[in-house]
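Here are my notes for anyone opening this model for the first time. Have the structure on screen as you read.

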Amino acid sequence: MSRLYVLLPILILSLLAACTDSSREEEQAAAPESEDPAEALMRQFIEAEPGDTITIAAGTYAMTRSLTLNTDNVTIKGAGMDETILSFKGQLAGAEGILVNASNLTIEDLAIEDTKGDALKINEGKNIAIRRVRTEWTGGPKEENGSYGIYPVQTENTLIEDSVAIGASDAGLYVGQSRNIIVRGNRAEYNVAGIEIENSVGADVHDNVAVNNTGGILVFNMPDLPQEGHSTRVFDNVIKENNTANFAPKGTAVAGVPAGTGILINSNDKVEIFGNSLTDNRTAHVLISSFYSTSMQDREQVPNFDPYPETIYIYDNKFEGGGTRPDRDELNELRVAMFGEDGSFPDIMWDGIVDAEKFENGKLPAHLSICLDNDDATIINVDAANGYQNPDTDATPYDCQHEKLPAVDLAFSTD
């Protein structure tokens, strides 16, 4: 038999196999193009493996369900916060836009819009870098908006930088129950709380812009959470015109934040405020309060919680305008009574509520005091515990200094 007859069937089979393989590759290559972009993105999140980069091209993606990532060591990267837009306006399922339960995460260069709940939530992760992410509710400030824009909670070593948060009905940029935090170079606008650090230890909040929120920057402690926070530095920020009416749902922690608040410290210790520019915040540029000023609960209801703000150090800030229209009838009446119809409150307002059990020789020990070293900045103790009966504007008791806090070290590269 001729060798040609022997080889011919083999050649035909080989050609058929090659055609079949080629068709399969073409089908595989074509599948992502025919697949709905939102569904393809969900598949990438679900199937991600450690070391993966999920690249999201420029465009607007109509998302109907949350994206969830449960894999460590993943990068999520878009083409820019105004180029790659994940729109959840038609969201049908899920409590967040993106939910991450993982460590060693980088997410950058994308936008998350109009989520039913929180926009970006990161839960219990370590070594988190969030860069150039925009979260926004495009219909403006409304109670129906999601609570949080960027929302790391119970994290360690967290960086949020060069990002934008607009329209959150609680906090635009929030870090809670966490350790080692840097929030820098961001813009928070038209949120109830622009930037909030809550029950967290070791935070640097600097070089941000907080404008047109109800409250610009908040440093809070709340009861019944795993840890109490302390050691936060708020510095070199621009905090101006935070006079938007409070639109938080009733009963939430920030529903009691007065419109017109620049920086609010509530029940938190070791807070350092310096180098900031605060302009035209109508209630007060800096408001320092006890938990008892904002809650009906008493000590018996929260026995293991320290409700008093202590070791507060304010220095080298620039104050301009402000205090002209406080967002509380009783405070406005006090303003008129003390400073006249056209007068304004001092730069710093303190509710005056202290822990008398800690007194030494009739006053708080020096290391727990509010210290003010800020040129001609003014302060008022409104005597909230006694119904504003004996307000005091004498700055002499606050003429002191505290040891400065160290810078936060995230323990991972932020390049």
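The points below go from the whole chain down to single residues.

1. First, a word on what you are looking at. This is a predicted model, in which local features need pLDDT of at least 70, side-chain atom pairs count only at pLDDT 80 or more, and totals for chains, interfaces and linings use all residues. Residues are numbered from 1 along each chain as its sequence is written, and side-chain values use heavy atoms, with hydrogens and water left out.

2. The overall picture is one of strands: the chain has 30 of them, along with 3 helices. Helices (H or I, at least four residues) and strands (E, at least two) are DSSP runs, numbered from the N terminus. Of the 415 residues, 53% are buried. Buried means under 20% relative accessible area, exposed means over 50%, and partly exposed is in between, with a 1.4 Å probe and protein chains only. The accessible surface comes to about 18,700 Å², and carbon and sulfur atoms account for 47% of that; the areas come from the Shrake-Rupley method with a 1.4 Å probe, and for residues only the protein chains shown count as cover. Among contacts (heavy atoms within 4.5 Å) between residues at least 6 apart in sequence, 63% join residues at least 24 apart.

3. On one pairing, 5 bridges join β17 to β14 (residues 179–184), and the two run parallel; here R184 has H206 as its bridge partner. Another 5 bridges join β17 to β20 (residues 230–235), again in parallel, with V205 standing opposite V234. For the record, two strands pair if DSSP finds at least two bridges between them.

4. Now look just before β20. N221 sits in the loop between β19 (215–220) and β20, and it is buried, at 1% relative accessible area. A polar atom of the N221 side chain lies 2.7 Å from the backbone nitrogen of G229. That is a polar contact: a pair of N or O atoms within 3.5 Å where, within protein, one must be able to donate a hydrogen and the other to accept it, and residues adjacent in sequence count only if both atoms are side-chain atoms. Leaving aside residues up to four places away in sequence, N221 also touches several others, among them N199, N266, S267, N268 and F305.

5. N266 turns up again with Y292: these two are 26 residues apart in sequence and 9.5 Å apart in space, C-alpha to C-alpha. Y292 belongs to the loop between β25 (284–289) and β26 (310–315) and is partly exposed, at 22% relative accessible area.

6. Helix α2 (residues 37–47) has A38, A40, L41, M42 and F45 buried. What do they pack against? The buried residues of α2 meet β1 (53–55), β2 (59–62), β3 (65–69), β4 (74–77), β5 (84–87) and β6 (93–100). At the start of α2, a side-chain oxygen of D36 comes to within 3.1 Å of the backbone nitrogen of A38.

7. In helix α3 (residues 329–339), the buried residues are L331, L334 and R335. They cover an arc of only 105 degrees around the axis, which puts them on the same side of α3; the arc is that of the directions from the helix axis to the C-beta atoms. That buried set packs against β28 (348–350), while the face turned away carries the exposed D329, E333 and A337. After α3 comes G340, with a positive phi near 90 degrees.

8. How many disulfides are there? The count is 1, taking a disulfide as a pair of cysteine sulfur atoms within 2.5 Å. C371 and C400 form it, with their sulfur atoms 2.0 Å apart. The torsion about the S-S bond is about -110 degrees, so the disulfide is left-handed. C371 lies in β29 (residues 370–373) and C400 in the segment after β30 (379–381), so the pair ties together parts that are 29 residues apart in sequence. C371 is buried, at 0% relative accessible area.

9. Last, two backbone spots to check. Most residues other than glycine have a negative phi. N127, in strand β9 (residues 126–136), has a positive phi of about 60 degrees. Y190 likewise has a positive phi of about 60 degrees; Y190 is in the loop between β15 (187–189) and β16 (193–198) and is partly exposed, at 33% relative accessibility.
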